[in-house]
Amino acid sequence: MSASRESILRRLRETRVPRHHPAAAAWSPLRYADPLGEFEQRLEVAGGSCVEIAGRDELAAALGALAPFRDAEKIASPLPEILSTWDAADPRGWAELDFAVLEGQLAVAESGAVWVAPSDSERSACFLAEHLALVVRRDSLVHNLHEAYAVLDPSRSAFGCFIAGPSKTADIEQALVIGAHGPRSLVVVFWG
Amino acid sequence: MTHPERANAFANNEDRARWHDQALWFVRDRRDRAMQGLPEWEGLRAEAARIKGETLSRLADQLESFEDNAIASGAKVHWAGDAREFNDIVLDLLRTRRVTRVVKSKSMLTEECQLNPWLEAHGVEVVDTDLGERIVQLRREPPSHIVFPAIHLRKEEIGETFHAHLGSPKGLADPTRLTEIARGDLRSKFLGAQAGITGVNFAIAETGGIVVCTNEGNADLGTALPPIHIACMGIEKLVPKTADLAVFLRLLARSATGQAITAYTSHFHGPREGGELHIVIVDNGRSETLANPSFARALSCIRCGACMNTCPVFRRSGGHSYEATIPGPIGSILEPVRDAARHASLPFACTLCGSCTDVCPVAIPLHHQLKAWRGELTERALTGKWKRFCLALSRAIFERPGLYSAAGRLVRWLGRRLPRRWLYGKANTWGIARELPEFPSESFRERYRRERARER
Amino acid sequence: MRVALFVPCYVDQLRPSVAHATLALLERCGFDVDFPEAQTCCGQAHLNSGGARDARVLATRFLEIFAPYEKIVCPSASCVATVTQHYGDLLPVSPELLAIRAKTRELSAFLATEVPSTALRGRWQGKIGIQPSCHGLRELRQGRSTERRDGHPFDPLRNLLENLEGAEIVDPVRTDECCGFGGAFCVEEPGVSRLMGLDRLRDHERAGASVVTSSDVSCLLHLEGLARRERVPLEFRHVAELLECATRDPS
């Protein structure tokens, strides 16, 4: 235990911070009549897109309809439906990943976001890939972040992330540019 | 230099100041629309203020609980009392692991502690990976805004910088192509890095986890590839529970950029397999701020930048005019706590319009705190002598209605009689850009008295 | 009702017409108005410039002078905000302070709540731009703030203007941005203050306003000074002046 730790904690304990009591207005989080429609709209605004399929057996065909997937040479996917052609264990191939397909655990309508908790190798694929697809069960869709955290336990994995669109930046004169560092496109596939 | 000196220089370049104003107003406008989309907005703000208030009132317990849980998840926790100690801890971590190439995502704390120059002086290459931060790093400038570090620059200037440092074609100023060039350059930095440094947006006491928000995904690449992750956080970043994140995440991106959520909201609980996660907890003056009842609530700040985007002064004076790590309204409160004499002009760089208070997602009464600072600076004799004399003199006049009336009569008489070149002499700062009002021959009270006397 | 007229020092000396119009309006609405002549300044300028000690002296004076009245009405939102929102920072809480805070009202708020709208019918030919007083808006909560998501706000100034036949309110793009006056700010930060003011002028001009009104006189003096220098053809009337003129001859 460092001396700084002790002195910081001591200083904080010696400080009496006046409690602040803001007027507690009653409120409840927004819910939507059509959460899937809301999700699609949010994701579209963020530069992503949505596909709906009835069952997992349609996944390969649905992705096959996307040009970036068709053109992809190196594909990373832990999903049994998609053949993986990329080896995360070989760092030499890190720079060459064209497409990653990962399982999402939950989708949030209000933010157009999908929760993913990838393993270590999936994690690098998730951000290195030129294009990303997330596959989510339709009935995992919740209305807002409060509902999401009621279901999720982020502490169960070393890494978990809400992904809400492709990588983007607006750091040059506020001009929105898609594909800052990570994927240049995101497609969310709802199934079931 | 004081804020007015730097601000005047910025504002006097009217076209540029207007362009800067418009760029940030655009962000403020997007924030408004996002806010309108949530009917519970004001309730959410109050809830965020309540959570932060409670956390700050028992911060030591929260920090200990965070530390326990972080260690249990496999992270290493370090404590730094000040900037010097923080820099030493990070440098030591890197040196003992023979790390010489580091990628860093945005962290205002590392800016505050001047970590980059410290590491560079000791042979470590630090690459800022947020595009805006990379731009100002290449230009050897400080960021001018906490969310948009390069908002003060035109795309042509960025093109020049990239031409000089990254070999982009001369004259190239297209944002998409410039971003693509930066992407290519930074990709190699990510792949070659031995460690990644990130900031922390939220630290969760009940799990020991940390949350980092970016749009570019740079924090994720910077922690997914190199085996060592060093996360740097101020002691005020805590929230008690995971569920509290919902409140803050809903407010943060909407306030910052008008997005519903950032593209990436990453939660880290412990290192990845075979890797290391180090969390450095830094005080560097925060506990003093907390001990000052006038300004303690400013520590609730979640660094969304909304107060800067809405501030009519910031938009027309530029972030650099504050000469502070955190500029704008919130910076004008936090920075003088550190060094009141150096930042004494900041609390006055404000019309007290109150817009910052109303946009603040955690409901910090920013403009009232700025006003409180003015009083404190006067008490500490850090405002101008002449100003304090004028305040006392005018107060003495206002205490005596007869004297007040006579003084008013004299001023109005002079205003009507003096030749223009005298009236608009050097001392008349009002008259630099404005006409003086027409001086009436009678004050209200003079005419009131005259008319009432006649009625009687 | 016995009403005390609270006239800010700078209105008394530099724009007395606003105080005369306030007095005339209140008397026309049937109030028994008194102007306590011992009053000078509420201390706003001192408080906002860091002179809390000086402001405290003036606040104490204010309390003594205005204590006997049932209502205190003032044609300046920022002075009212100083009394109702900030005297508490200067003085210990006392029954006198609480009473003063409760009975001090900004003119348009007073008229909109204490006078039936039929009594303030009038006529105004032309397009009116509103430059809201920041302190009226964000301290007194009079008017709609674009920053907030509150339901239906109390907007007395707009309601009073809408009550005038022929009057058309034209809103600038930035409906509630500060004009850049800011008390001592206007001379301490002349460059930014000027630019803020010019931007407001341009915005009101583009909206098509011929006259700009406000519940604060200081904002108008600043904007008027800029407009005269830059030869911008806008007129500036405090809401008291405008209403007094519009309701003078209802026929």
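A:Val188 touches A:Leu43, A:Gly48, A:Cys50, A:Ala107, A:Val114, A:Leu134 and A:Val136, leaving aside residues up to four places away in sequence. A contact here means that the C-beta atoms, placed from the backbone, lie within 7 Å. This is a predicted model: local features need pLDDT of at least 70, side-chain atom pairs count only at pLDDT 80 or more, and totals for chains, interfaces and linings use all residues. Residues are numbered from 1 along each chain as its sequence is written, while chains are lettered from A and ligands numbered from 1 in the order in which they are written.

**The core**

A:Val188 belongs to the largest nonpolar core, which has 272 residues. A:Ile163 and A:Val188 have the most contacts inside this core. Such a core is a set of buried Ala, Val, Leu, Ile, Met, Phe, Trp, Tyr and Cys residues joined through C-beta atoms within 7 Å. A residue is buried if 20 or more other C-beta atoms, placed from the backbone, lie within 10 Å of its own; it is exposed if 12 or fewer do, and partly exposed in between. Helix α12 (residues 244–256) of chain B supplies the largest share of the core, 9 residues. Helices (H or I, at least four residues) and strands (E, at least two) are DSSP runs, numbered from the N terminus.

**The sheet of chain A**

Chain A holds an open sheet of 5 strands in the order β1-β11-β6-β3-β2, with parallel pairing. Two strands pair if DSSP finds at least two bridges between them. β1 (49–53) and β2 (75–76) of chain A stand at the edges, each with a single partner strand, so one side of each has no neighbour in the sheet. Inside the order, β3 and β6 of chain A are joined by 5 bridges. A:Glu103 stands opposite A:Val135 in β6(A).

**Where chains A and B meet**

A strand pair also crosses between chains. β8 (residues 159–163) of chain A runs antiparallel to β9 (residues 264–268) of chain B. The bridge partner of A:Gly160 in β9(B) is B:His267.

The contact between the two chains takes 78 residues of chain B and 64 residues of chain A. Helix α3 (residues 41–57) of chain B gives the most to the chain B side, with 9 residues. That side divides into 41 nonpolar, 21 polar and 16 charged residues. Ala, Val, Leu, Ile, Met, Phe, Trp, Tyr, Cys and Pro count as nonpolar, Asp, Glu, Lys and Arg as charged, and the others, Gly among them, as polar.

**Chain B**

Chain B has 22 helices and 10 strands. Its C-alpha atoms fill a box of roughly 95 × 55 × 45 Å along the principal axes. Of its 456 residues, 58% count as buried. Among contacts in chain B with a separation of 6 or more, 73% join residues 24 or more positions apart.

The domain assignment gives domain 1 (1–37 + 307–383), domain 2 (45–284) and domain 3 (385–455) of chain B. These bounds come from an automatic or database domain assignment. The centres of domain 2 and domain 3 of chain B, taken over C-alpha atoms, are separated by 55 Å.

**Chain C**

Chain C comes to 13 helices and 8 strands. Its radius of gyration is 18 Å, which agrees with the value near 18 Å for a compact globule of 251 residues. The radius is taken over C-alpha atoms, and the globule rule is 2.2 Å times the number of residues to the power 0.38. The C-alpha box is roughly 50 × 45 × 40 Å along the principal axes. Buried residues make up 59% of the 251 in chain C.

Chain C is assigned domain 1 (2–112) and domain 2 (121–246). Their centres, over C-alpha atoms, are 21 Å apart. The contact takes 26 residues from domain 1 and 23 residues from domain 2 of chain C. On the domain 1 side, α2(C) gives the most, with 6 residues. By class, this side of domain 1 of chain C has 16 nonpolar, 8 polar and 2 charged residues.

**Strand pairs compared**

| Strands | Sense | Bridges |
|---|---|---|
| β3 (99–103) and β6 (131–137) of chain A | parallel | 5 bridges |
| β8 of chain A and β9 of chain B | antiparallel | 5 bridges |
| β1 (2–5) and β3 (71–74) of chain C | parallel | 3 bridges |
| β3 and β4 (104–106) of chain C | parallel | 3 bridges |
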